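Subject: Handing over the two-chain model

Dear colleague,

I am passing on the structure below, and after it you will find an account of what was found in it. Please keep the structure open beside this email while you read.

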Amino acid sequence: MTLLIVNFFQTSVTLPKWEEQLQTLKDEIRGKPDDQQLLSQIRQLDLQIRKFRVHRLDFSYKGTFLLFSGVAVLLIGVKWAAIYKKKMPMPQLRSDLQDEQTRKAMFARLTVTIGAVVLGLGALSLLMICDLRFTIFDFQSSFDNRKSEISKNWPRFRGPSGSGVSAYTNIPTSWNGKTGEGILWKTKVPLPGNNSPVVWDDRVFLSGADKSNQQIYCFDAFSGKLLWSGDVTRISQDAKQAEVFEYTGFAASTVTTDGRRVYAIFPTGDVVCFDFEGRKIWQKNLGIPNSAYGYASSLEIYQNLLLIQYDQGEAEDGLSKFIALDGFSG
Amino acid sequence: MIRLRYIIIIIACSLILSCVAEAVERFPPPDFESGCTQPRPTTPPPRQSIYEYIDAVVLLAALSLSSYLVLKKRSRRAIFVLMVFSLLYFGFWRRGCVCPIGAGQNIVLSIFDRDYAVPIVVAVFFLLPLVFTLFFGRTFCAVVCPLGAIQDFVLLKPVSVPNWLESGLRLFAYLYLGMAVLFAATGSAFIICRYDPFVSFFRLSGNFNILVLGGCFLVIGLFIGRPYCRFVCPYGVILRQLSRLSRWRVTITPDECVKCRLCEDSCPFGAIRQPTVDWPVHDYKKSKMRLAFLIILLPVLIFLGGWLGTGLKSVTSRMHATVRLAERVYLEGTGKVEGTTDASTAFRATGADAKELYKEAMDIRARFGFGGWLFGGFIGLVVGLKLIGLSVQRQRTDYEADRASCLACGRCFQYCPREHVRLTKAKEAVSQS
């Protein structure tokens, strides 16, 4: 029993510590994807944790089996011993049977009544607090209500409604990279991209891509720490078709957000939606756009719709489209 | 006495610790390749159907033998041995499944869902104990049920539960039965199986919370005889009612009761009823008035229960996965919750229309509304009948095992002096022959 207790506490103390270390290393490697030494360190720690888990599980399984068997043998022994120690019953004299009988019945009725009342009150309170009705969601009024929220943020290329005008009047207006004037933090963006940052509350979103990888990044607006990065699968594997002009790059389109989700598009025709926790909600491919310079149009949100200016080819080709996708489902 | 206390403490600690030790989390899949070759996943072959029929035959044999041992042989020792066999076979060997307690949910689902067919063995497991109870009383509970057996096995120092408390606690079993039927009928969940407190012990593995729950039942079971059977078991509720009608049943005495009172405290499950005395005369008129009031109250209670039950459809319907998903998607859509769940993400990935999902959820809720009427009405009926039952003055001249509550464990036999006379006579007859 002592060994099982030690095993349990060792597991509950050691494992969370190692898992925390592993998580820290994993966060670290997002900023340094090419660091082989760090990668090897993570692999070793991961293996160590898994070996430890297997060992402890095996130990606890065998220990529990032995403990169960021990308890069973003990119980049988105690029951056996009890047979030989059994005392004969000695019923006591009872005074007023009539009164006892009436009292017992009354108490039983009282208990049942109290039980029923407690049940009823519990049901009644649940009835009052837990009622969710599926009213058809009015996107228009919701959008209107959120206008002030949107204006306080920088949800798309050139800010709210694309005007390039911020609601704030106290922002810095001069910066100097050498002296650090007006610069709070600097962080390396893992993959290159010519898009602009988008800001919602304390989060800054960017996208980055090269010939083989596409990603979305979320940074902490106060510290510049990379909170998460989301991989965007390259649905079309024909990289040649998605070649872009060098100065355009593979991530020229600015991402957009509605405050709940963040959306991005790449010259490969891949459109993607992530939630604020970095989980991919949906992804689809619109086909590789026929663009001599490389696709660079930014995204826009209206109500529940993600608006895409799918500009390609020449005017006479008639290939360009204006696409609206449902923001929730794509 | 002191030694017994130590033993109980050691057993209690061991059971709790077993729960904790067994509940160590399963390890997650590797994040990185570590150089080792991953074994190919294999699909274990399904259990051969012949074994299912063997289980049904073993159940039939165990029920027949238990009925013989309880009613004819009247041997507690033989009952105990057969009970240990059932615990090992239906519990640890068959890992607590199929069990008649949960099988009822399959039957209910098959009634309400035309696409669901009940396997014949499941139907047999559900029906056989009912048939036996109808003829021989609760011999299934006594010997064959592994859930009852494990509790009986750990019972060391029984403490009697007052009748009034027992009456109140038993309401929970009816509530549990009603919920189990409601959730099974709507295709939401098999809660009896999901919250089976002992199956984790039988499988030496399981959800941590359920293991702790099972551990608690066993620790309580050291002092309170079979707490799950008496206050929770939904199948026990059905067996209680059938046992009232049983053709043959357990009697404390083999022939006549001499009212020696020796058996009075012998039942750890509080199932022995004493002879009654005449009710006080001054209480007679009051009792009649009370009974009349309760009979009038019965339809009110049924209606009130039904109203509350149907009103709770928003809560109860959350047991259904579709309703849960619809609510989540709706809350995410209206911005009332942040982030998404795996289920809502997967739903959106399908590209299905949320309005269709809401409609489906509303249909399911409506089904819960109707089911809630029946469920609430049933609970109202139970409360009303219980109150009426407790207000009816019964006449008993002998010490009797309560038809409904008696679990047919046979503990009371050896307390009866007439039983000893019978055994002595039987021994003499054997030696003479």
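In chain B, 82% of the contacts with a separation of 6 or more are between residues 24 or more positions apart, where contact means heavy atoms within 4.5 Å. Please bear in mind that this is a predicted model, in which local features need pLDDT of at least 70 and side-chain atom pairs count only at pLDDT 80 or more, while totals for chains, interfaces and linings use all residues. Residues are numbered from 1 along each chain as its sequence is written, chains are lettered from A and ligands numbered from 1 in the order in which they are written, and side-chain values use heavy atoms, with hydrogens and water left out.

**Chain B as a whole**

Chain B has 20 helices and two strands; helices (H or I, at least four residues) and strands (E, at least two) are DSSP runs, numbered from the N terminus. Its C-alpha trace spans about 80 × 65 × 45 Å along the principal axes. Of the 433 residues in chain B, 51% are buried, and here buried means under 20% relative accessible area, exposed means over 50%, and partly exposed lies in between (1.4 Å probe, protein chains only).

**Where the two chains meet**

The size of an interface is often given as the accessible area lost when the parts come together. Chain A and chain B bury about 7300 Å² between them, and 70% of this is on carbon and sulfur atoms; the buried area is the accessible area (1.4 Å probe) that two parts lose on being put together, summed over both. In terms of residues, 69 of chain A are in contact with 86 of chain B.

How many salt bridges does the rule find across the interface of chain A and chain B? It finds zero, a salt bridge being a side-chain nitrogen of Lys or Arg within 4 Å of a carboxyl oxygen of Asp or Glu. The rule does find six residue pairs in polar contact across this interface, both residues being at pLDDT 80 or more. A polar contact is a pair of N or O atoms within 3.5 Å; within protein, one must be able to donate a hydrogen and the other to accept it, and residues adjacent in sequence count only if both atoms are side-chain atoms.

On the side of chain A that touches chain B, the elements giving two or more residues are α1 (2-31), α2 (36-84), α3 (97-129) and β8 (280-285) of chain A. Of these, α2(A) gives the most, with 22 residues.

**Salt bridges in chain B**

Over all chains, a search of the whole structure finds 24 salt bridges. In one of them, the side chains of B:Glu166 and B:Arg170 meet at 3.2 Å, N to O; B:Glu166 is buried, with a relative accessible area of 3%, and B:Arg170 is buried as well, at 8%.

B:Asp402 forms a salt bridge with B:Arg273, and their closest N and O atoms are 3.2 Å apart. B:Asp402 lies in the loop between β2 (400-401) and α20 (417-432) of chain B and B:Arg273 in strand β1 of chain B, so the pair ties together parts that are 129 residues apart in sequence. Both B:Asp402 and B:Arg273 are buried.

A further salt bridge joins the side chains of B:Arg328 and B:Glu332 (2.7 Å, N to O). Because these two residues, B:Arg328 and B:Glu332, are four residues apart in helix α17 (residues 321-333) of chain B, they are separated by about one helical turn. B:Arg328 is partly exposed, with a relative accessible area of 22%, whereas B:Glu332 is buried, at 2%.

**Aromatic pairs**

The structure holds 28 aromatic pairs over all chains; rings of Phe, Tyr and Trp (its six-membered ring) pair if their centres lie within 6.5 Å, and planes under 30 degrees apart count as stacked, over 60 as edge-to-face and the rest as tilted. B:Phe135 and B:Phe136 form a tilted pair, 6.2 Å centre to centre with 45 degrees between the planes. B:Phe136 and B:Trp248 form a stacked pair, at 5.7 Å and 15 degrees.
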